[in-house]
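This report describes a single protein chain, from selected helices to individual residues and a pocket. The sequence and structure are shown below.

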Amino acid sequence: MSAQANGTGPKKIKALLLEGVSKTGVKLLEEAGFEVEYHLKALPTDTLKQKIKDAHIVGIRSKTLLTADVLKEAANLRVIGCFCIGTNQVDLKYAAANGIAVFNSPFSNSRSVAELVIAEVIALARGVADLNTQLHKGVWTKGRIPGYEIKGKQLGIVGYGHIGSQLSVLADSMGMTVRYYDILQIMPLGIAQPVSSLQELMSTSDFVTLHVPETPQTKNMISAEELSWMKKGAYFINASRGTVVDLDALAAALKSGHIAGAAVDVYPVEPFTNGKNFDSILRGCPNTILTPHIGGSTEEAQTAIGGEVGSALVRFIKTGSTLGAVNFPEVELKKAPKSSTGGRTVRITNVHQNVPGVLRQINRLLSEYNIEKQICESKEAIGYLIADISLDGDVNTDALAKSIEDMKENISTRVF
């Protein structure tokens with residue numbers, strides 16, 4: 001990769017933003033002096049491969065797949081911004097191995113998802129899905145479907161992270177009993193209480209809601225066996241990841257009447273574009289609310305995500321900061337205000353293979369300069385270094401960068 005990487009130097013930073021990411025993020029990148037190309041939708045793969053060739057920054061949401069096959073076309077790419085929670089649409093290992101940092105926004109839409117789940121809890125308890133369908137068909141069915149208050153009912157939360165914990169506060173305020181299960185020991189909020197096993201949670205709750213990440217361990221974590229643990233007449237909600245539930249088993253449980261209703265916002269395979277292209281075995285199931293992955297799709301959440309991810313992208317390009325990166329060591333170094341020797345100060349960032357002896361090589365190359373500040377961290381297969389050095393006279397920074405790039409362990413180097 002090119003050594004020079006600032007938004008103010010001779011090489012203009014180009015940002016490719018897709019899927020109508022928040023204008024808050026667009027504004028931040030434009031104000032930083034970057035050249036922004038903006039698209040409201042995801043691009044076809046062939047078009048994406050062409051567009052990504054010149055981009056230093058790529059911003060996406062959940063539909064664009066940045067596979068190794070796509071990323072190998074991105075000769076200048078330095079950073080990817082996922083304007084959403086998930087990053088499974090990006091080949092994180094390939095990105096890291098090629099010096100491309102990836103940022104996301106894991107917390108900004110927590111409130112939006114939690115509010116949707118509360119709305120679904122109430123709608124399921126009152127049978128709103130089926131009643132709405134009947135009225136649209138012209139059929140008046142008052143009194144035929146029983147309804148329940150949620151006060152006093154138990155909400156079982158699987159995954160007590162940022163969304164799960166916010167949900168517990170909302171449910172608590174509405175008079176529900178809140179229990180949760182998590183593989184980590186997490187301090188409860190309000191009167192929520194942890195349980196010791198998933199089976200205990202599912203067998204005692206009136207409503208079960210999932211808030212877990214997509215990992216090999218969570219794939220199909222809810223199957224026929226787990227659903228059989230639920231109380232007859234209980235309700236099931238999934239607003240986490242589509243791969244964590246066996247939908248065939250869920251449909252069977254709904255049709256048999258063992259589960260009284262479900263709300264699903266995420267699916268194992270989701271349409272690439274809007275239109276009449278969605279199919280699921282859950283279509284037509286009784287008292288079942290299906291929504292098109294809208295958990296975090298509120299104006300407030302998208303504005304917050306745009307600010308968080310946009311700021312991270314600008315910081316990375318301008319300062320090298322990787323705080324919040326999902327595939328890089330998290331490193332930040334406050335820039336030295338001025339050279340202690342009276343010369344100019346430049347910053348060097350270097351991504352390298354995490355093997356013995358690399359730092360010694362870099363420090364040997366920098367030894368003829370005064371190092372004002374330096375930090376180096378590693379994560380799995382890569383290491384990341386930031387150093388501020390003082391330069392006297394007309395030192396050729398391109399030559400300095402080239403000397404570091406010539407190391408066989410080098411992945412990418414920037415001087416700015």
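## Helix α10 and its surroundings

Helix α10 is followed by glycine 257, whose phi is positive, near 90°. The model is a predicted one, and the helix itself spans residues 247–256. At its start, a side-chain oxygen of aspartate 246 comes to within 3.1 Å of the backbone nitrogen of aspartate 248.

Within α10, the buried residues are Leu247, Ala249, Leu250, Ala251, Ala253 and Leu254. These residues pack against helix α9 (224–229) and against the strands β10 (234–238), β11 (259–264) and β12 (288–290).

## The chain as a whole

The protein chain contains 13 helices and 16 strands. Its C-alpha atoms fill a box of roughly 85 × 45 × 30 Å, taken along the principal axes.

Of its 416 residues, 49% count as buried. Among contacts in the chain with a separation of 6 or more, 66% are accounted for by residues 24 or more positions apart.

In helix α12, the buried residues are Val358, Ile362, Leu365 and Leu366. They cover an arc of only 95° around the axis, which puts them on the same side of α12. On the other side of α12, Arg360 and Arg364 are exposed. An α-helix has 3.6 residues a turn, so residues three or four places apart point the same way. The buried residues of α12 pack against β13, β14 (370–379), β15 and α13.

Helix α13 comprises residues 397–405, and its buried residues are Thr397, Leu400, Ala401 and Ile404. These cover an arc of only 95° around the axis, which places them on the same side of α13. Their cover includes β13 (344–353), α12 (358–366), β15 (382–391) and β16 (410–415). At the start of α13, a side-chain oxygen of asparagine 396 reaches to within 2.9 Å of the backbone nitrogen of aspartate 398.

## Aspartate 388 in strand β15

Strand β15, one of the elements against which the buried residues of α12 pack, contains aspartate 388. This residue is buried, with a relative accessible area of 0%. The side chain of aspartate 388 makes a polar contact with the side chain of arginine 347, at 2.7 Å.

Leaving aside neighbours within four places in sequence, aspartate 388 is in contact with Leu333, Lys334, Lys335, Ala336, Thr345, Val346, Arg347, Asn370, Ile371, Glu372 and Lys373.

Methionine 230 lies in the loop between α9 and β10. It is buried, with a relative accessible area of 3%. Apart from neighbours within four places in sequence, methionine 230 is in contact with Met202, Val208, Tyr235, Phe236, His258 and Ile259. Methionine 230 and alanine 96 are 134 residues apart in sequence and 42 Å apart in space, C-alpha to C-alpha.

Threonine 243 is placed in the loop between β10 and α10. Its relative accessible area is 17%, and because the limit for a buried residue is under 20%, threonine 243 counts as buried. The side chain of threonine 243 makes a polar contact with the side chain of glutamate 214, at 2.8 Å. When neighbours within four places in sequence are set aside, the contacts of threonine 243 are Glu214, Thr218, Lys219, Asn220 and Pro268.

## Glutamate 299 in helix α11

Glutamate 299 belongs to helix α11, which covers residues 299–319. At 66% relative accessibility, glutamate 299 counts as exposed. Glutamate 299 and serine 112 are 187 residues apart in sequence, yet 9.4 Å apart in space, C-alpha to C-alpha.

## The second largest pocket

The second largest pocket has a volume of about 170 Å³. Its lining consists of Leu124, Ala125, Gly127, Asp130, Ile145, Pro146, Tyr148, Tyr235, Ala260, Pro286 and Asn287. By residue type, the lining divides into eight nonpolar, two polar and one charged.

One of the lining residues, Tyr235, is also in contact with methionine 230.

Terms used
Residues are numbered from 1 along each chain as its sequence is written. This is a predicted model: local features need pLDDT of at least 70, side-chain atom pairs count only at pLDDT 80 or more; totals for chains, interfaces and linings use all residues. Side-chain values use heavy atoms; hydrogens and water are left out. On a 1 Å grid over the protein atoms alone, a cavity is a set of points where a 1.4 Å probe fits but cannot get out, and a pocket is an open set with protein on both sides within 12 Å along at least five of seven lines; lining residues have an atom within 4 Å of a point. Grid points are joined across faces, edges and corners, and a volume is the space filled by probe spheres set on the points. Ala, Val, Leu, Ile, Met, Phe, Trp, Tyr, Cys and Pro count as nonpolar, Asp, Glu, Lys and Arg as charged, and the others, Gly among them, as polar. Buried means under 20% relative accessible area, exposed over 50%, partly exposed in between (1.4 Å probe, protein chains only). Helices (H or I, at least four residues) and strands (E, at least two) are DSSP runs, numbered from the N terminus. Contact means heavy atoms within 4.5 Å. A polar contact is a pair of N or O atoms within 3.5 Å; within protein, one must be able to donate a hydrogen and the other to accept it, and residues adjacent in sequence count only if both atoms are side-chain atoms. The arc is that of the directions from the helix axis to the C-beta atoms.
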